[in-house]
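Opened the notebook to jot down what I looked up in this one. Entries are in the order I went through them.

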Amino acid sequence: LTNAFNLIDGLDGLAAGLGLIAGATSAAIFLIGGGMSDSLLLLLIFCGALTGFLHYNFYPAKIFLGDSGSQLIGYVLAVTAVTGSQKGATALPVIIPLLVFGLPLLDTFLSIVRRTFKGPTARRLPLTSLSERMVSAKRIFKADRNHLHHRLLSMGFSHRSAVLTLYALATALSLLALVSVIAQQRNSGAILLIVIVGMYLGVRKLGYEEIAFLRAATVLHWWERIMFKRLSSHAALDLILIAAAYWIAFVLKYEGLGAPAVKSWYLLAFPCVVIIQMTVFFGLGFYQGVRRAMGINDLLSLSLTAAIAVVLSYVAAVIYDPPAGLLAFFAINGLLLQVLLLGGRSAYGNLVHLGRRERVIEGASVLIYGAGRRGAWILQELMENRRLGLHPIGFLDDDPSLIGFMINRVRILGSGPDLASILNSQKVSAVMISSHKISAQRLAHVMRVCSQQRIPVLRGEFQLDRVSAVRLWGTRGGQRNQGTAPEKVYASKYSSVKVPSS
């Protein structure tokens, strides 16, 4: 830890600020665990000195730590952690320092790994000769500019933003350490596991390819394939929603905190329930769907997956001598999980749709003739594809019973004969024909009215253009038709309308 704070002292205020956060956290842990002590008093003096120093050391710095100053910070924190842990078993467990001093230790670990597996000799591991081993060992002590803070700067962070970002991460880890101490280390192992996974994903995002050697192991290679490629912000959000559904169900079922024995049982069962439900979500393809393209079939499949996860959680919980009311608890938990998970995904689609609607307000105003399925499809395309620069303002349809109704909040304004009055009252830039069932007479009327007001008429088609002259079926051995032009089958484009002269 002494060397870790020396290594991370690369930006103004970084080592002093991280030392202040870690010192304050350690002091709070000592205060919770055993009251006033020599270690606590030393840490309070230490934090006061760092606070006054940081005022002049933050960017742009007027004074600096130097090697002796940064090493002193790490040394004081390390010694107080050791002496404080000897005062009592619950004062500062082994896991807690890994959270409190997580960032400096991570940076030191990455520095050792990066410098060891860098260069020509590192590519020929295992090293055989003594000289190669000495060169590899010396490389560990050679300075470079690939620390965590340097990677943030290379990603576009400013000096101040990079330091504040690392402050925020260190504060989050310290809060997790305090939560673990307050909870009497019941979930310290689970918290540390989550932090390790999060740090691994973050290190990969920062571009540390030097840790790729870890993936050579079969277990870690499998872990990255499953977790790194599929575990995203969606899975992290679902983890929060699962926890919320669990504890809200507990409060609703037991009308508050419940008896101490009941609360202890549910605290112990909580990690198991979370693991089981997340495992079911991954195993049944809960995250294989594209959220922005989810339909009703996707939501039904997700609902069934959530129900299976709750049922399996209940089956596992029954084994561990549960308290009374477990079935009712999981029934409430299942309903809440359905509401939170499916409601969140539906809300995401609705927000995306609203955002697209707001983006297409500006553009050429289009009147769509035909309110059937083709008309609804064209409306969706115009609303979601803002590159077309077309804004649908209404429909025309020859079915008088539909006039006044709306499709996706776009009103059906009238029928074909009403076109002239609609054009006089609405600012229309183009009329788009969506239906092939419109009679030639009605179409000729539309063309005549639009021609008088110099408004273009377009036809919306759904078609596919064959890229190459290859017969897709009905051929022997997939024979290629040489020298033939590509055949047009269907396409998604808009073209002008040609009407017989009659």
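**Before starting.** I'm working from a predicted model, not an experimental one.

**Entry 1, helix α2.** I began with α2, which covers residues 14-34 and has 21 residues. I checked its span from the first C-alpha to the last and got 30 Å, close to the 30 Å expected at 1.5 Å a residue. Next I asked myself: how many of the residues of α2 are buried? The count is 15 of the 21, so the rest of the structure largely encloses this helix. Buried here means under 20% relative accessible area.

Then I looked at how α2 packs on helix α3, residues 38-57. The angle comes out at about 155°, and the axes are 9 Å apart. Anything over 145 degrees counts as roughly antiparallel, so that is how I logged α2 and α3. I also noted that the crossing of α2 past α3 is left-handed.

I went through the contacts between the two helices as well. On the α2 side I found, among them, Gly17, Gly19 and Gly23, along with Ala16, Ala24 and Ala27. Phe30 and Leu31 of α2 are on the list too. Across from them, α3 puts in residues including Leu40, Leu43, Leu44, Phe46, Leu50, Phe53 and Leu54. Cys47, Thr51 and Asn57 of α3 also take part.

Tyr59 and Pro60 are joined by a cis peptide bond, with omega at about -5°. I placed Pro60 in the loop between α3 and α4, the latter being residues 66-85.

I searched the whole structure and got 1 salt bridge. Which residue does Arg442 pair with? Its partner is Asp398, and the closest N and O atoms are 2.7 Å apart. Arg442 sits in helix α18 (residues 440-452), while Asp398 is in the loop between β2 (390-396) and β3 (406-407), so the pair ties together parts that are 44 residues apart in sequence. I looked up accessibility for both ends. Arg442 is partly exposed at 31% relative accessible area, and Asp398 is partly exposed at 32%.

Last stop was the backbone at Arg454, where phi is positive, about 55°, although the residue is not a glycine. I found Arg454 in the loop between α18 and β6 (457-465). Is Arg454 exposed or buried? It counts as exposed, because its relative accessibility is 78% and the cut-off is over 50%.

Notes
Residues numbered from 1 in each chain as written. Predicted model: local features only at pLDDT ≥ 70, side-chain atom pairs only at ≥ 80, totals over all residues. Heavy atoms only, no water. Helix = DSSP H or I, 4+ residues; strand = E, 2+ residues; numbered from the N terminus. Expected span 1.5 Å × (residues − 1). Buried < 20%, exposed > 50% of the residue type's maximum accessible area, 1.4 Å probe, protein only. Salt bridge = Lys/Arg side-chain N within 4 Å of Asp/Glu carboxyl O. Axes fitted to C-alpha atoms, helices over the stretch in contact; angles between N-to-C directions. Parallel < 35°, antiparallel > 145°, perpendicular 65-115°, else oblique. Left-handed = near helix turned anticlockwise from the far one by under 90°. Contact = heavy atoms within 4.5 Å.
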